[in-house]
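Trainee: I have a structure to read today. Can we go through it in short questions?

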Amino acid sequence: MTGPAPAPAAERPTTDQRAASDANGAAPSSLAPTGRGLWRRARWYLAFLATLLIAAIGITVLGNDRHYPPLDPRSYDADGSHAVVALLEQQGLKAELTTDPTTAQGGADTLVLPEPDLLDPAQLRAVAAARHQRLILIAPGPAALSALAPGVRTSEEDGDVPYASVRGTAAHCPLPEAVRAGSASMGGMLYTSGSRGEGCYPRGHGYPLVSAPTTAGDVIVLGSGLFLHNGELAKDGNASLALGLLGSQPRLTWHLPDYSAPLAEGTGTKTFNDYIPKGWRWAGYQLAVAAVLAALWRARRLGPVVSENLPVVVRAAETTEGRARLYRRAKARGRAADALRRAAAHRLAPALGVPLQAGAPDPEALCAAVADRLPERPAGDVRALLYGPPPTDDAALLRLADDLDALERQVRNP
Amino acid sequence: MALTGRTALLAALGALVVGLLLPSPAGLGIVTGAVLLAVLVDLVLAAPVRSLRIVRGGETTVRLGESVSVELAVTNPSGRPLRALVRDAWAPSAWRPGTAEASSRHTLTVPAGERRRAVSVLTPSRRGDHHAHRVTVRSLGPLGLAGRQGSHHVPWTVRALPPFASRKHLPSRLSRLRELDGRTSVLTRGQGTEFDSLREYLPGDDVRSIDWRASARRNTVAVRTWRPERDRHILVVLDTGRTSAGRVGDAPRLDASLDAALLLTALATRAGDRVDLLAHDTRKRAAVAGSSPHEILPAFTNAMALLEPALHETDMRSLVSTALKMAPHRSLIVLLTGLDAAPVEDGLRPLLPLLTKRHEVVLASVADPHLDVLAAGRGTTEAVYGAAAAEQTRADRRHTADRLTRHGVTVLDAPPAQIAPALADTYLALKAAGRL
C-alpha cells in the first residue's frame, strides 16, 4: 500500500495553481504560464546558464593567461625574459620596467631597448642625452644606431649580407663578458664595429654583438635578443653572457615597447567614420537601438505556427509511368508493340462486329473483317501491322503506333 | 509582451534628437530611456489578456468547399478598454488557400466590462474534423507602442463533410426511378416483378399485360401494372486500403468512391430500399446500419467525413466476413475498391463465391483519366512507351474485370466524374431487371 501514497502530493500543485490563477482573475481558458510553471520550465536553462557563468568566472580568475610580446620580462613563455630578470634581481640588482625610456634617469644603470626602432627621433635624442652607463640595443636600425651608437653600422652598409641565422658561436674577442661566457647563441642582424668599437662572435664580415664606448659609458648592440629568452637561457654560455651584459650596473631599466602606438609619420587614409561629425556617431547608435526594436517587433509572432498532418500524395498513374520508363530503359519494343497492337485490335473488333474471345478477337476473323471494310488495303499489310514481328528499333515502334492509329481512323471512317 | 512598429519608428526619430540636440552617450541614454519608459507605461496600461473570457459559437459542420462562420465572443472584465489584435488559429487546411493570414486575424475594440464578437470564416479544403488550435490576443496599450500577449484555449471542431458533388445527377435518376415505379404513365410495360395494381387499358399498352380475368369482372379492359421490389437491402462497402489512396486528378480515389456511395444511397433510399455502409481496410473503419430513411444521408456523410485512405493492403478476408455479418439476408453488395490485378486476384477472387452465393455483387472502381491521356501519346519515343504502358494497364484492368464478371459480379470501371452516375444507373438497371 505504499504505491498510491505520492499521488495526492503530486496533484496538489495543480489544484493550488488553479486556485492561484483564479485568484489572479485569469480565465480558465487562458494558456498564460503561471509563475510556478515558468519556474518549472526555465529552471534547467537557468541552472545551465549559472554553471556556464561560474565556469567562465573560474577560468578567468584561475587561469591568468595573459599573452606578452617576445622579450617581455613579465612573460614566463619560452620567448619571454622573466628568467634573466629574476636571476639579476636575486643578485641584488634593482630592475624596473618602463614604457617611456626618456624618463629613465641616467647614471650607473643599464637601459635595455628591445625595439629601438619604435622610438621617434626626439625620444632617441633624449635617451642619448640621459647619459646611461650602459645601453643595450637589440637589432637597431640605422636611425637608432646613428643616434645612440655612433660609429657602429649595419654590415649591409658595407655591402655585406646583413643577417645570419642564430646558432652557437665562439666569442673571438677580448670583451670580458664574452670571454667569460664563451660560446653563445648569436646571430640575427650583423653590424660592423667601427673604429672605436669591438666586435664579438664574428659571422662572415659582421658581428652580432658590438660594444662601443660612448661619452657616459658604453653601448652594446645585439643582432638578436634570442639568448635572453627563457627557453634559450640554459644553452651554451647564454646565461653568463646575459648576466654579464645586463648585470654590470646596480640598476636595470627595461623598456617595454608600445606596439599599439601609431607610427609617428605616414598617417593612414581617412575612413568614412572620419567624415561624420562626432555627435552623429551617437545618433548612429540610436539608429542601431531602433533597428533592434524593429527586429523585436517583427520577431514576435502572434501565437505559434499551427502544424497539420498532411496526407501522402500518391498519384494513381505513377506505377504506369514507372512501367513506361522501365520499357524504355529495357528497350522492350516487342512488349510495347504487343500492348499497342492488342489495344488496337480490342478497339477495332467492336467497330467491325468481330466477337471478343477472352478479351481479344480472333486474328483471322479480325483481318478478314478489316479486309472487307478496307478493300483497297492489301490483306498482308494489315496482318503484318496487327500481328507482325516486333519492331527492331524505336523509329519502327513510332511508325507502328502511327500506322495503328491510321488504320483505326480508316476503319471508323472508310 | 510585444512591440509595435511605432516603437521602432519612435526610436529612429530619436536619432535626430541625439544627433542635433544631445550628441553624447547621455543623449543616447535619455532618448532610449524615454522610449523604454513609454513602452513600459503602455504595457502597464494595456488591458490584461489573462482575464479575458472567450466563448465560441457558430456552425459545426460544412460541406467541403463551402464556407462556415465560427464566432468568438470576447468579454473584457477588466476596467480598461481592450484594443487588441486577435488571431484565431486553425490548421492551414481549414482556411481558403492563401487567405489564412488575413482571415484568421481580427482587430477588436472591447470597452471595459463589455463583450464583442469576431467572426472567422473557414473554408476547409480537406475532409474530416478541423480543430481550433488556440486564440492569441495581443492587447495594445493606449500609446500603441507595446502590448501584452497571451493565448487562450477555446476548443471548437468543424467537421467538413464529403461534398456530394454528384447530387446534381439525383433528379434525373429519380425521374427514371419513377418511370420504373409505374407512378408516371409510361407506354412500356412496367418491368418490375412485384404486382402493383390494375388500371384501365390505354391505347399503346402492351396487350400481353391485359388481365383478362379482371377485365371480365368490369366493363372496361384492365391491365396489370408492376413495380420494382421495395425494402431491399443494400450494403455499400468502401475499401479504404492503399488502392483508395491513389490520386486521380486532384483527389484520392476514395473521394470519388464516397461521392458515388452518397448518390447511390440517396437514390436507393427514395426507392424504398435500406442502405447500410461499411468502410474497411485492415480493420473496420466505419459502419452505419439500420438508419431510418430521413436520417440516413446525414449519418453517412458524418461517418464518411472521418475516413482517410490507409496505406496498408486491405484485409479482404476480414472485409468479406464483416460484410457477410452485416448482410445476413439477400442483399445488393456494392464493393467500391480498385481493379488492380494483384489485390483482386489474390485477395478478393478466392472469397467471391462467399459473396455471390447469396448476394448480388457490384464492384465499382475509379478509373484514372490520366491513363487515357497517356495512351493517346504519340510522336516521341517516351510518349509511345508511355502509351504502351497505359494500354498494358488498361488491358490488365479489363482482364481483371472480365474474370470478375465471370464470377457473376457486375463490374464498373469509370473515371471519377462518371463513377457516381454510372453506379446509380447500374443500380436502376438491376432494380428494373428484378435482380435485387
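Trainee: Which side chain does B:Asp88 join in a polar contact of 2.6 Å?
Mentor: Keep in mind that this is a predicted model. A polar contact needs an N or O pair within 3.5 Å. At 2.6 Å, the side chain paired with B:Asp88 is that of B:Arg56.

Trainee: What is the length of the polar contact between the side chains of B:Asp88 and B:Ser120?
Mentor: B:Ser120 is also on the list of residues in contact with B:Asp88, with neighbours within four places in sequence left aside. That list includes B:Trp95 and B:His106 too. For the side chains of B:Asp88 and B:Ser120, the polar contact is 2.9 Å.

Trainee: Is B:Asp88 buried or exposed?
Mentor: Look at relative accessibility. Buried means under 20%. B:Asp88 has 0%, so this residue counts as buried.

Trainee: Which strand of chain B holds B:Asp88?
Mentor: Find the run of residues 82-90 in chain B. B:Asp88 has its place there, in strand β5.

Trainee: Now chain A. What percentage of its residues is buried?
Mentor: Chain A has 414 residues. Its elements are 14 helices and 14 strands. The buried share of the residues is 37%.

Trainee: How many Å separate the centres of domain 1 and domain 3 of chain A?
Mentor: Start with the domain assignment. Domain 1 of chain A is 36-65, and domain 3 is 328-412. Taken over C-alpha atoms, their centres are separated by 83 Å.

Definitions and conventions: Residues numbered from 1 in each chain as written. Chains lettered and ligands numbered in written order. Predicted model: local features only at pLDDT ≥ 70, side-chain atom pairs only at ≥ 80, totals over all residues. Heavy atoms only, no water. Domains from an automatic or database assignment. Helix = DSSP H or I, 4+ residues; strand = E, 2+ residues; numbered from the N terminus. Buried < 20%, exposed > 50% of the residue type's maximum accessible area, 1.4 Å probe, protein only. Polar contact = N/O pair within 3.5 Å; in protein donor to acceptor, adjacent residues only side chain to side chain. Contact = heavy atoms within 4.5 Å.
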